[in-house]
Structures are given as C-alpha cells and as structure tokens.
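Open the model in your viewer and keep the selection tool ready. We will go from stop to stop, picking residues and looking at what surrounds them.

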Amino acid sequence: MGHTKTYKDGSTPVVAIIGAGFSGICAAIRLQTELNLHTYDIFELEPDLGGTWWSNTYPNVACDVKSINYAFSFEPNYDWSHTYSGGAEIWEYLRRVARKHHLYDKIRFRTEITHVEWDGGRQKWVLDYTNRSTGDQGQYEADIVFSGMGPLRIPKIPKEFEAFEGPKWHTAQWNHSCDLTNKRVAVVGSGASAIQVVPGIVDTVKHLDYYQRTASYVVPRHNVPTNALWKFLFRYVPFVHFIVYKLQYWASEYTIAAFSTKLVDRIPRLVMTAMAWLFRFIQIRNKQLRAKLTPKYEMGCRRIAVSSDYYPALARKNVQVHTEEITGVKGHSIMLADGTLQEVDVLVLATGFQVQDPLPSRFVIGKDGVDVKTSWGINPQTYYGITSPETPNMFFLLGPNTGLGHNSILFMIETQVEYALKAISYMMKHNLAQLQVTPQACKAFADEVDEKMKGMVWSTTCNSWYQNKEGRVTALWWSSCSRYWWRLRKFRADKFVSVKRI
C-alpha cells in the first residue's frame, strides 16, 4: 500500500528540518518525492549545505567508506573519481542533488535554531531562531520536526590547550589563512581526522610533532581512479551500478562478524588483526616507532582507520611521534610527562567531537516541560534512535545507538527517514495531531541494545567515543544494517500513543 499524502481536508503538516547535511537533505527529498509534501523549511547554521562535509575542509579530508556506497540509493552518482572520495567531491555531490530537487529555495542559511519547545495545548513545536548574518530573531511553528544535526558536530577542545599562544584550531575549523610552510606544527589526537591530516601536511611543514594517546588499527586504502569504462557501464548499462552497489553493501555487511566477541566469530577479527599487523610491519620498519603505533586493545573496539599514507608519513624524518601524556601547555611550548618540552608554531587539535553530549541544556523542551538533555542524561532511551517519549512528532536522524562501525551510515539515514515517513503518513490517514512513542517501547530497545552489546567488541575496555563515561555503548547500533531495516520495515502503531486533531 502507498503512503497517505494529505489529511482528509487536503492539508499537510508543517515540517521543520534542522540541519542541511546528508540527514536533512535526505528528509527533505523524501518528503517531496514520497509524500508530495512541500510544507517544510530547512534551517542551516552555516552559509551553505553539506553538514560535516562543509565544516571539515582540512588537508587530505576524505571518506573511509567506498564511494559507490556513499551516495543516496535514490540518487546514485555514476561519476565518482576514485574508489574513495575526497571531501570536496562529496560536498559537490550533495550540492548537485540539492539543486536537482530545488532544495536551495527551502533552506534558510546562516539561521541558528536556539530553542525548540513543545506546545502541548496546540500540539505544535515552536522553534526560536536567529539569523547570524542580520541578527534578526523569530519563531517558527511546526507540526513535525526532523533533527538532522548529526553526532559529529560539536568539536571537543580540551581546556588545557587554551593556554597555547600561537595559531591553533580544531580540524573541523581549519584555518586556511595560516600558511604551514616551514612551520613547526603539533597535531594532537590519533583518530580518523589525524590519520588523514598528518599525510596531508607532512610535506609542507618544517617539523611535525604528533601526540598520540592511543594507537589506531589501520588497514590499507586501495584508492584507485574510476576509469571511463566503469563510469560508462554504471550510467548506461542496466543493473551494473545496482549490482556493484549491492555487492559492496553485502561485503561490508559481512564484516559485522568481526566485531563480535563470540568464539565462532573470532576468526574474522583475527584475520583482520593479522592483516593490520602485517600492513604495519611492512610500512614501519623502525621497531621503536612500530611499537608506539601498535594498539594494545582488541581490533574494532575503536574506529578502524583506512589509510595507505599514514604510516609512511609518520616514518618521515621531519616527524616525531610522542606517546607520553601531555602535562601542560604554556606559550608555544607543550610539556610531556617524561619532562620533555617541544616548541611549536602552530597547534592542530584532532581531538574529536562531543558525541556523548550532543544537546545543550534546555535546547529541546519536550512534553510536560521536560528538558530532553536532563531527561536523557548519559543514557538516552529512544525507539531505535529515532524518537523518544519526551519528544512527540520529533524524529532524530542518527540519534543514539544508530552509528555504524562497518558500513555506510547513509543506509541508516535512509532507513530512519523512511520510518518517519510511514509515521507521518499514518498521522494523516488517521487524522492525528500527535504521535508519541511509549516509554515501554524505548526501554525494551535500550535493554536489548545493552544485552546485545555484551557480545560485541565495542563494550570492551578501550575507552572510545562509542561509550559514555559509564562504559555503556550509546553511539552504535549493535548489529547489521539489514537487521535494522528489517526491524523498521513496518510502522508499529502499537508502540505509540496518539492524539486526534481538533
């Protein structure tokens, strides 16, 4: 059966979409194409769309998911230049898709949502906003809200680095006006961004001090140009692109077994661990450096990096790897626990994002005046990461426990948007003003996640951004993408309570 596309009186709900990254763009397009709904607006803080691919412009920025799977299934890109795409190419893909669907006319750029509150008497969300270009403020009333702000949004900047007196910035806030040529540069952090930044600047800087707290597992990145023949086959020969897309999807799906701690699943992880060890052995011949770069935890507990130029960059003569704890920063100096001190000109922070603290206090005030941040605490309870009892008619995209460690996150975004469309269609079909998930449904989901995570490597003691400070995994989905889709293929009205329109 198809979707119900209007209320009985012919009207459609007013929808607010917060964020114009992949999530917000997906929601907007599917509202138009699946529900023929155009009564929506997108609020974007930045001057252009793209989300993380607009913000992250550091040297060598790229995606570690293969290009063919890093595009909307309903908007395939037949012209990716390489097996893995760079940030600028991904951003241009998003812009092209947005222009095709006329989304630029629906986006309010440089507009910050400062407060979101549920008006229970009128069954509407009231959004306060500020135009950062003009300073103008206003309110927007919506029947439904999509939160597409994303988890990798707020840079984590440790306070001890505020004392550094030279140029400094986070990788998500790259200062392109500062020339690094012949500079002494410090890079702090050893996650995905650092692993891309270091090779991107090593040929430019005079000396690079690399501060690593925890080594990452790194596997080869076979990034080859996509030749004209493949592009022709993808575009003009029926099913070729679809088949290759599905083959890559299922190849990635299979790797979920490598993250299980069950005895029967240890072989895939052992194979991956051996491959990472051999790769490190081949690329790093210095035993002392190789020891520093060898992880001391089970593979998969932290994000696995995909790079073929990271190790060679660290082996360069103008690079020094530090594993001692940073004890202080003063002037242009960084002090370590072993008593050594390094003088640097520029400080680059590849220190990650506030994944475990995505909502400011009193940013979202839900039903009965509840502050969602306070209600969630460090252990949010949602229904498959999409909605919560405190937030009727609100859909979170890439909410708690929906991140991935093995496949393309775009699949999850599309699945969540499709579920939200089913819910909106149900509301229009049954003339509903409010749809609210039950606390029991959310608790059941949270309990299952906790139980299943006991058998996954992410729950072991490696202190990753997947976990909250209690060690509970709140960032990732515990199983395959296909299982997530299967669970959400139908809208479960019995998991929700509703209120009729007046």
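**Stop 1: helix α7**

Begin with what covers the buried residues of α7: the cover includes β11 (218-219), α6 (240-254), α8 (287-292) and α9 (310-314). Keep in mind that this is a predicted model.

Now select α7 itself, residues 266-283. It has 18 residues. From first C-alpha to last, α7 reaches 26 Å, close to the 26 Å expected at 1.5 Å a residue.

Next, colour Pro268, Arg269, Met272, Ala276, Phe279 and Arg280, which are buried in α7. Look down the axis: they cover an arc of only 105°, which puts them on the same side of α7. Why can residues spaced along a helix point the same way? An α-helix has 3.6 residues a turn, so residues three or four places apart point the same way.

Turn to the other side of α7. Ile267, Leu270, Val271 and Ile282 are exposed there.

**Stop 2: helix α3**

Select residues 87-100 for helix α3. This helix has 14 residues. Its span from first C-alpha to last is 20 Å, close to the 20 Å expected at 1.5 Å a residue.

Which residues of α3 are buried? Pick Gly87, Ile90, Tyr93, Leu94, Val97 and Ala98. Seen down the axis of α3, these buried residues fall within an arc of 130°, so they line one face of the helix. Show α1 (22-35) and α2 (52-55) as well: the buried residues of α3 pack against them.

On the other side of α3, find Ala88 and Lys100, both exposed. Then step just past the helix to histidine 102, which takes a positive phi of about 60°.

**Stop 3: a nonpolar patch**

Select Leu229, Phe232, Tyr236 and Val237, which make a nonpolar surface patch of about 420 Å².

Zoom in on phenylalanine 232, in helix α5 (residues 228-236). Is phenylalanine 232 buried, partly exposed or exposed? Its relative accessible area is 45%, so it is partly exposed; the partly exposed class lies between under 20% for buried and over 50% for exposed.

**Stop 4: arginine 472**

Finish in the loop between α12 (439-453) and α13 (481-487), where you will find arginine 472. This arginine counts as buried because its relative accessibility is 14%.

What is arginine 472 in contact with, leaving aside its neighbours within four places in sequence? Select Asn379, Pro380, Asn401, Ala446, Asp450, Tyr466 and Gln467 to see those contacts.

Terms used:
Residues numbered from 1 in each chain as written. Predicted model: local features only at pLDDT ≥ 70, side-chain atom pairs only at ≥ 80, totals over all residues. Heavy atoms only, no water. Patch = residues over 30% accessible without salt bridge, like charges linked within 9 Å, V, L, I, M, F, W, Y side chains within 5 Å. Areas by Shrake-Rupley, 256 points an atom, 1.4 Å probe, with all protein chains shown as cover. Salt bridge = Lys/Arg side-chain N within 4 Å of Asp/Glu carboxyl O. Helix = DSSP H or I, 4+ residues; strand = E, 2+ residues; numbered from the N terminus. Buried < 20%, exposed > 50% of the residue type's maximum accessible area, 1.4 Å probe, protein only. Expected span 1.5 Å × (residues − 1). Arc of directions from axis to C-beta. Contact = heavy atoms within 4.5 Å.
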